[in-house]
Amino acid sequence: MTDEAVAAAIEGLKAAGIDFVATLPEANLQPLVGCIADDSAFTWVPLAREEEGLGICAGAWLGGRKTAMVIMDAGLLTCCTALATLNVLAGIPVLLLVGLSGGLGEKYWMHSEVGRFTEPVLRAMNIVYAVCERVADLPRCVLDAQTLAVSSKSPVAVILNRECLR
Amino acid sequence: MKRHELLQAIAPLLDEQLLVVTSVGGVRVELYAAQPSEGYFVSYAMGLAAPVGLGLALALPLRQVLVLDGDGALIMNSVSLTTIAAMRPPNLTYVVFDNGIYESSGAGPTHTARGIDARALAEGSGIERSHRATSAEQFRMQVTQGLRQSGPTFIHAPVEPGGWPGIQPLPYDAKENKYRFARFVERLEGVDVLGLPLPAHLDRPG
């Protein structure tokens, strides 16, 4: 991610009141993860696997915190059961910032397949999401997603496309 | 030694100052029968009770958090032992009742029935303070210590299979459990969890 995209994501997270972020490293997301790790406004939890992040964020939310996860789409796909049996079943919000792999401009064949499952899976799980197409839209997109997550007590996803990740 | 006997042994410790997270399965109903409280949250996502407890402990660092889990759930998500060890929450005590079977789902053997040592798994993952309970009294003392000393603490409690005869099901579902627990935390900690009521300009009758 560019410095501009990282700053836009951080601006959105802070405007949304997010104070607890769980992350899993990935090359494109790493600049954002590094900024979150270094920013005292966030309690930062580095994860071993995305699925546990939903549990950790659920516990933090029950403790009064505003939570987000920063993960790639491959990690989101590992989270389907946890989303269904924890967040959706109990009605526990979490903001999901999800990097999209594949799509136009993808150079690496090993990343070309997962991305095409991401939106259909979110739709099948009835999880509201928005694809952020431009860096300039990122702060508002993050804020609006968190507003809905809190009011609906549901997971809501913001998908970061190649323009936001490059 | 049965799981419900150990829960009855720690019932005096389950006061209104403690937050407890349990996994799905017999432990959630046996806990409620041993000592009812609004301060229990059930993770119906198998394997995620420990992460939920970790999140609570990190969010509320001055509050003691107790996780009551099973061996099947531990094996399903044993990576969280490493995350607990890495984050080192001083206020988290993690108990695994180990009956060697998936008791709620057909009673097939878990890996602990094939020699995998849950305590060694915790120690190898980096959790420095760990215990193994061989009696109800020892278990009560280990939980007491875990709730008083700086942790995280892991307690491996081998138990015989079998539940509490005649026990009643929990009187609420996951959503009601969430609301009860969140209200309990709000009263206990003075924090806003649920974000209700609506803003005043939206909350008018009619």
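**Exercise 1.** Determine which residue of strand 6 of chain A stands opposite Val98(A), in this predicted model.

*Solution.* In strand 6 of chain A, Val98(A) has Ile159(A) opposite. Next, consider the strands: strand 4 (residues 94–99) of chain A pairs with strand 6 of chain A in the parallel sense, over 6 bridges. Finally, turn to strand 5 of chain A. There, Val131(A) has Ile159(A) in strand 6 as its bridge partner.

**Exercise 2.** State the strand order of the open sheet in chain A and identify its edge strands.

*Solution.* The sheet has 6 strands in the order 2-1-3-4-6-5, with parallel pairing. Strand 2 (43–46) and strand 5 of chain A each pair on one side only, and these are the edge strands. Direction ignored, neighbouring strands are turned by 20 degrees against each other on average.

**Exercise 3.** Explain why strand 2 and strand 5 (129–132) of chain B each have one side without a neighbour in the sheet.

*Solution.* First, write down the order in chain B: the open sheet of 6 strands reads 2-1-3-4-6-5, with parallel pairing. Strand 2 and strand 5 of chain B stand at the edges and have a single partner strand each, so one side of each lacks a neighbour in the sheet. From one strand to the next, the twist averages 15 degrees.

For strand 5 of chain B, the pairing with strand 6 (residues 153–158) of chain B is parallel, over 4 bridges. One residue pair illustrates this: Arg132(B) has His156(B) in strand 6 of chain B as its bridge partner. A helix also packs on the sheet, namely helix 3 (residues 49–59) of chain B, which touches strands 1, 2, 3 and 4 of chain B. The direction of helix 3 makes about 175 degrees with that of strand 3 of chain B.

**Exercise 4.** Characterise the side of chain A that touches chain B by its elements and its residue classes.

*Solution.* The contact takes 27 residues from chain A and 32 residues from chain B. On the side of chain A, strand 2, helix 3 (50–62) and helix 5 (80–90) give two or more residues. Helix 3 of chain A provides the largest share, 9 residues. By class, this side of chain A divides into 16 nonpolar, 8 polar and 3 charged residues.

Notes:
Residues are numbered from 1 along each chain as its sequence is written. Chains are lettered from A and ligands numbered from 1 in the order in which they are written. This is a predicted model: local features need pLDDT of at least 70, side-chain atom pairs count only at pLDDT 80 or more; totals for chains, interfaces and linings use all residues. Two strands pair if DSSP finds at least two bridges between them. Axes are lines fitted to C-alpha atoms, for helices over the stretch in contact, and angles run from 0 to 180 degrees between N-to-C directions. Two residues are in contact if their C-beta atoms, placed from the backbone, lie within 7 Å. Ala, Val, Leu, Ile, Met, Phe, Trp, Tyr, Cys and Pro count as nonpolar, Asp, Glu, Lys and Arg as charged, and the others, Gly among them, as polar.
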